[in-house]
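Welcome, and thanks for taking a look at this one. Please open the sequence and the structure side by side before reading on.

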Amino acid sequence: MKLGFIGTGALTSAIVAGLKSVADNSVTILLSPRNEEIAAGLASRYPDVRVATDNQAVLDDCDTVMLAVRPQIAHAVLRELRFRRGHHVVSLIATLSREDVAALIAPAEHVTKALPMPMVAHRQGPTIVFPPDPAAAKLFGRLGKVIEVEDAGEFDALAVATATFASYFKFLDTIHGWLEGHGVADSKARDYVASLFKALAHAPETTPHAGFMDLAGEYATRGGINEQVLRELTARNLFDAFAESLDGVHRRISGC
């Protein structure tokens, strides 16, 4: 299989690194030269990764192409390219609908949306795929869990969850900073917080039939310190504000 990328940023880098870490890494890859530094770095690390002369050269040489350009420039970049009817195009552009992408890449007919996470570099995390696509599912299945959806609205809703990563790390940073402020060494505080939340992340998998609030109840002993923090944050409407932010991201992604 020869896989082409239009756009060579952090997500492209993560997908390439993940694919090249599997035992069967026979996929040859042709990269857009748009980000010269990242493209050159990947080509120097992997012998079967090459950098094309331009974006059109990627299309001319590959049947399967991933679109990984920033949404702000997607229209300008894609309008300049000549796609073939037989191209299998996988769009990684979260804020462009499948219909919008299809209009930009005509006459290509096989259009799939996918949303892998940066963690695929380590073959972790889920990738959502719309509509169900055996070829795309097989490819991303090498990199972690694949969740295929049949409804565009469901894809958009799932995509909103990816907007929470930075806030999650800010949450951890707040705990880390508080520990430092109370005399805990930087490295010790970081190791403790990272290990603690890594362990917590396994709880939904080890108890798959428990809801998230069931788990919260298990950890929030009545009258205990977990119950105190949860009660105080809830009283300050922190979680309501969080849900409102998700609504805003959903409007941005879905265009509604």
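The model is predicted, so please read every value below as computed from it. The protein has 256 residues, and its secondary structure comes to 13 helices and 8 strands.

**Overall build**

- Along its principal axes, the C-alpha trace spans about 65 × 40 × 30 Å.
- Buried residues make up 34% of the 256 in the protein.
- Taking contacts between residues at least 6 apart in sequence, 51% join residues at least 24 apart.

**Helices α1 and α2**

- Helix α1 (residues 10–19) packs with helix α2 (residues 36–45) at an angle of about 10°, and their axes are 10 Å apart.
- Angles under 35 degrees count as roughly parallel, so α1 is roughly parallel to α2.
- From α1, the contact is made by Ala10, Ser13, Val16 and Ala17, while α2 brings Ile38, Leu42 and Arg45.
- By type, the residues of this contact divide into 5 nonpolar, 1 polar and 1 charged.

**Salt bridges**

- Lys2 pairs with Asp61, with the closest N and O atoms 3.3 Å apart.
- Because Lys2 lies in strand β1 (residues 2–6) and Asp61 in helix α3 (residues 55–61), this pair ties together parts that are 59 residues apart in sequence.
- Lys2 counts as partly exposed at 34% relative accessibility, and Asp61 is likewise partly exposed at 34%.
- Asp61 also forms a salt bridge with Arg50, where the closest N and O atoms are 3.1 Å apart.
- Here the partners sit in helix α3 (Asp61) and strand β3 (Arg50), so the bridge ties together parts 11 residues apart in sequence.
- Arg50 is partly exposed, with 43% relative accessibility.
- Through shared partners, Lys2, Arg50 and Asp61 are joined into one salt-bridge network.
- Another salt bridge brings together the side chains of Lys20 and Asp48, at 2.9 Å from N to O.
- Lys20 lies in the loop between α1 and β2 (28–31) and Asp48 in the loop between α2 and β3 (49–51), so this pair ties together parts 28 residues apart in sequence.
- Lys20 is buried, with a relative accessible area of 9%, whereas Asp48 counts as partly exposed at 25%.

**Backbone details to check**

- As background, most residues other than glycine have a negative phi, and most peptide bonds are trans.
- The peptide bond from Ala106 to Pro107 is cis, with omega near 15°, and Pro107 is placed in the loop between α5 (98–105) and β6 (110–115).
- Phe130 and Pro131 are also joined by a cis peptide bond, with omega about -15°; Pro131 is found in the loop between β7 (126–130) and α6 (134–141).
- Arg123 is not a glycine, yet its phi is positive at about 55°.
- Arg123 belongs to the loop between β6 and β7 and is partly exposed, at 39% relative accessibility.
- Asn237 has a positive phi too, near 60°, and lies in the loop between α12 (225–235) and α13 (238–254).
- With 43% relative accessibility, Asn237 counts as partly exposed.

Key. Residues are numbered from 1 along each chain as its sequence is written. This is a predicted model: local features need pLDDT of at least 70, side-chain atom pairs count only at pLDDT 80 or more; totals for chains, interfaces and linings use all residues. Side-chain values use heavy atoms; hydrogens and water are left out. Axes are lines fitted to C-alpha atoms, for helices over the stretch in contact, and angles run from 0 to 180 degrees between N-to-C directions. Helices (H or I, at least four residues) and strands (E, at least two) are DSSP runs, numbered from the N terminus. Angles under 35 degrees count as roughly parallel, over 145 as roughly antiparallel, 65 to 115 as roughly perpendicular and the rest as oblique. Contact means heavy atoms within 4.5 Å. Ala, Val, Leu, Ile, Met, Phe, Trp, Tyr, Cys and Pro count as nonpolar, Asp, Glu, Lys and Arg as charged, and the others, Gly among them, as polar. Buried means under 20% relative accessible area, exposed over 50%, partly exposed in between (1.4 Å probe, protein chains only). A salt bridge is a side-chain nitrogen of Lys or Arg within 4 Å of a carboxyl oxygen of Asp or Glu.
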